[in-house]
Amino acid sequence: MAENDVYVVWDDEVTGYNFGPSHPMHPLRLDLTAKLAMDFGLFEAENVHVNPIGEIDEAKLARLHDSDYIAAVRQAGTEEGLDEEDANRYGIGTEDVPGFENMHTPSALLFQGSVNAANAIISGEYRRAVNFCGGMHHAMPGKASGFCVYNDAAGAITEFLDSGYERIVYLDTDAHHGDGVETFFWDDPRVLTISIHESGKFLFPGTGFPADIGGLKAAASAVNIALPPRSGDADWLRAFDATVPQVVAAFEPQVIVSQHGCDGHRTDPLTHMRLSVDAMRIAAERIRDLAVEHADGRWLSVGGGGYAIIDVVPRAWTNLLAVAAGRDIDPGARIPGRWAAYAQTKTGREAPLSMTDGFDGSFEPWSKGFDPEAELDRAVMGTRKNIFPFYALDPYFD
């Protein structure tokens with residue numbers, strides 16, 4: 001295989017992960033993403049290898065999630081469902097995670113997709129893999145949370161660990177704190193979790209503050225960049241620039257696993273951030289470059305949140321696929337007419353016209369100096385002061 005070949009997970013079966021027509025996480029967002037990628041020619045590209053998920057390895061799922069919890073997910077997918085006590089205990093049957101028919105299978109397929117993507121890289125056949133259907137970063141060992149049933153990102157990381165990898169960076173760009181993945185590896189110094197998100201003072205799950213730096217066995221293995229609400233593109237990229245490259249370089253990962261929730265977009269109904277698809281594309285490009293520079297190009301990316309299902313999600317994750325494949329799409333590229341017609345038929349709404357929101361990517365890099373009067377800079381400095389000294393970095397100058 002060529003050096004820039006990319007393993008892509010896509011399987012129509014994942015659209016069975018369906019909490020109902022009024023739930024924000026509608027499976028149409030996955031279908032629209034796959035079809036937009038197809039209409040940009042990405043699925044047919046010579047170096048893009050699209051793979052169905054295939055069989056679920058239940059043993060791999062059971063490595064991460066408690067057996068009684070998995071049994072509860074299975075029970076929630078039956079006609080009888082769960083009783084109220086078990087529903088509360090396992091976080092299923094709530095407004096966030098309603099039960100649905102055959103709940104276990106599509107939930108486990110999302111998990112398996114990321115495990116397969118990890119194995120594609122472990123095999124040496126690929127350096128890059130994408131499972132935009134995954135990114136269920138809130139799921140806990142024994143409880144569903146925040147629309148997430150099984151934690152596929154943690155499953156992929158565990159696959160790397162079990163194959164002998166000793167330094168893994170997990171980088172979460174979702175607007176919500178990546179609390180589930182952080183929990184799984186809180187005391188594991190082999191895994192550095194980095195989450196850049198809207199502050200938990202204002203947004204679910206209410207966690208992920210700068211002083212949360214990992215367990216006693218793994219100090220500075222958790223990096224939390226908690227940003228003020230309404231942070232826009234330039235501030236968000238400044239915060240990324242001020243923290244992520246430095247810590248990744250110091251950690252020297254063998255692989256980067258990144259989560260690309262796109263719910264930080266200014267039109268997303270569930271968060272207060274003010275991002276564009278352009279900033280998300282630029283972040284994906286930066287992460288690709290970090291993988292090349294520090295991890296011999298090994299990079300596994302997953303999806304995540306994102307609830308503007310026609311305006312944002314398909315564009316953000318089609319860009320992610322294109323970046324992973326080294327086939328970056330011109331931001332000014334027009335949206336294909338066939339896709340726009342299909343999206344309008346499915347949603348009753350007009351599709352966006354192009355792949356850009358008009359942001360040119362400019363921001364003031366941290367190297368230009370720290371402004372103690374700026375709320376954004378104070379938030380970033382909180383993270384730098386808590387983390388940088390552990391890596392022999394200077395919070396003010398590095």
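Visitor: By class, how many nonpolar, polar and charged residues are in the lining of the second largest pocket?
Guide: Heads up, this is a predicted model, where local features need pLDDT of at least 70, side-chain atom pairs count only at pLDDT 80 or more, and totals for chains, interfaces and linings use all residues. Residues are numbered from 1 along each chain as its sequence is written, and side-chain values use heavy atoms, with hydrogens and water left out. A pocket is an open set of 1 Å grid points where a 1.4 Å probe fits, with protein on both sides within 12 Å along at least five of seven lines, and lining residues have an atom within 4 Å of a point. Counting Ala, Val, Leu, Ile, Met, Phe, Trp, Tyr, Cys and Pro as nonpolar, Asp, Glu, Lys and Arg as charged and the others as polar, that lining has seven nonpolar, one polar and two charged residues.

Visitor: Which strand and which helix each supply at least two residues of that second pocket's lining?
Guide: The lining includes Ala 226 and Leu 227, along with Glu 375 and Ala 379. Elements are DSSP runs (helices at least four residues, strands at least two) numbered from the N terminus, and the two suppliers here are strand E6 (222-227) and helix H12 (375-387).

Visitor: Which residues are closest to the centre of the largest pocket?
Guide: The largest pocket is lined by 20 residues, and by class they split into seven nonpolar, nine polar and four charged. Closest to its centre are Asp 96, Phe 147, His 176, Phe 204 and Leu 270.

Visitor: Which cysteine has the sulfur nearest to that of Cys 148?
Guide: A disulfide takes two cysteine sulfur atoms within 2.5 Å, and a search of the whole structure turns up zero. Cys 148 is buried at 2% relative accessibility (buried means under 20% relative accessible area, with a 1.4 Å probe and protein chains only). The nearest cysteine sulfur, 13 Å away, belongs to Cys 262.

Definitions and conventions: Buried means under 20% relative accessible area, exposed over 50%, partly exposed in between (1.4 Å probe, protein chains only).
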